[in-house]
Amino acid sequence: MKKLLFIYNPVSGKQLIQRHREDILRQMYQAGYEVDVRVTTEQENADQILREMPDGYERVVVGGGDGTLHNAVQGICGRQIPLGYIPAGSTNDFGHSLGIQGTLSQLVDIALSDCIMDCDVGRMNDRHFLYVACFGTLSDVSYNASQEMKNKIGHAAYVVEGLRTFQGLETIPMVVTLDDQIVAEEFCYGMITNSKYVAGVRMNYAKDVSLNDGKFEVILIRKPHGPVDIGKVARDMIVPQEDPEMLLKVQTSHIHFHTETPIAWDLDGEYGGRYRDVDISVEQNALRIIHGDKEESQLVKLADMISRSQF
């Protein structure tokens, strides 16, 4: 039988995977897999489990929220083992970007499918992230909202925490270097993303997002000088603008941030530390990930065949 390592977070979301564990394992066995099961704990997360993973597994499947997936990426990035994902958190941003939706049984089917694509991964200093690195007023929203709060009210947890935090709006003077451009301004928020969804909201640039083009989308919100400017920020974030007044919006494969005092960063909804200097780069096609869009899978395979001249 083929060997599969199944890692899951027992408290993600409303303990969906824990409650249906036996059904999931039965489905995996019926698909022809010999399954080894590991449960994440406060002492041992998915990163640690995967770094110690012995050879012989043909597939890894991770069940949990975006934080569990983030930890898994730390341990599997750069290896050739396909990673399946059963989203079971409150928001599941990257799962939506991958087209992973449906009933629990359908989610397991997707994780066991052959819809595999190469996916870009970000590196911030010495850590990887999968879909978003952010700083500023709203960057601590996801990790400040408690697990209990997320379980009870889902997406609203981020909104409630965000509104509370936004009342104390602060701006950060910084020097941003990207490609051959240097920008010295004050920003209240910034995000570097490779996702069509962030905090449960579909981004207005989603149609332009490619998960394996070697570039991430950068959005930096300039310092607002009153309620009118805050309204312009909302407009620029919601309605695509060719030259947004309150945003610095670019695509890049490398960006550097410098601030006089350390600022907190969020990586995939997890606390990422405080730094004065942050260097972010894209590691193209560093992760083999399973997704739910069969039509897109065929296009990815065709593009791969063309690039490798396999006709």
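The model is predicted: local features need pLDDT of at least 70, side-chain atom pairs count only at pLDDT 80 or more, and totals for chains, interfaces and linings use all residues. Residues are numbered from 1 along each chain as its sequence is written, and side-chain values use heavy atoms, with hydrogens and water left out.

**Overall make-up**
- The chain holds eleven helices and 15 strands; helices (H or I, at least four residues) and strands (E, at least two) are DSSP runs, numbered from the N terminus.
- Of the 311 residues, 50% are buried, where buried means under 20% relative accessible area, exposed over 50%, and partly exposed in between (1.4 Å probe, protein chains only).
- Among contacts with a separation of 6 or more, 72% are between residues 24 or more positions apart; contact means heavy atoms within 4.5 Å.

**Strand E1**
- Five of the seven residues of strand E1 (residues 2-8) are buried.
- E1 pairs with strand E2 (residues 33-39) in the parallel sense over seven bridges, and two strands pair if DSSP finds at least two bridges between them.
- Ile7 stands opposite Arg38 in E2.
- E1 and E3 run parallel and are joined by five bridges, and Phe6 has Val61 in E3 as its bridge partner.

**Helix H6**
- In helix H6 (residues 104-111), the buried residues are Leu104, Leu107, Val108, Ile110 and Ala111.
- These residues lie on the same side of H6 because they cover an arc of only 160° around the axis, the arc being that of the directions from the helix axis to the C-beta atoms.
- Their cover includes helix H1 (16-19), helix H2 (21-30), strand E3 (59-64), strand E4 (83-87) and strand E15 (270-290).

**Nonpolar cores**
- The largest nonpolar core has 58 residues, of which Phe6, Met28, Val60, Ile86, Phe94 and Leu287 touch the most other members.
- A nonpolar core is a set of buried Ala, Val, Leu, Ile, Met, Phe, Trp, Tyr and Cys residues joined through side-chain atoms within 4.5 Å.
- Another core, of 23 residues, lies apart from the largest one and includes Phe187, Phe216, Val218 and Ile263.

**Ile290**
- Ile290 lies in strand E15 and is buried, with a relative accessible area of 1%.
- The C-alpha atoms of Ile290 and Cys115 are separated by 5.5 Å, although the two are 175 residues apart along the chain.
- Beyond its neighbours within four places in sequence, Ile290 contacts residues including Arg59, Leu83, Ile110, Ala111 and Cys115.
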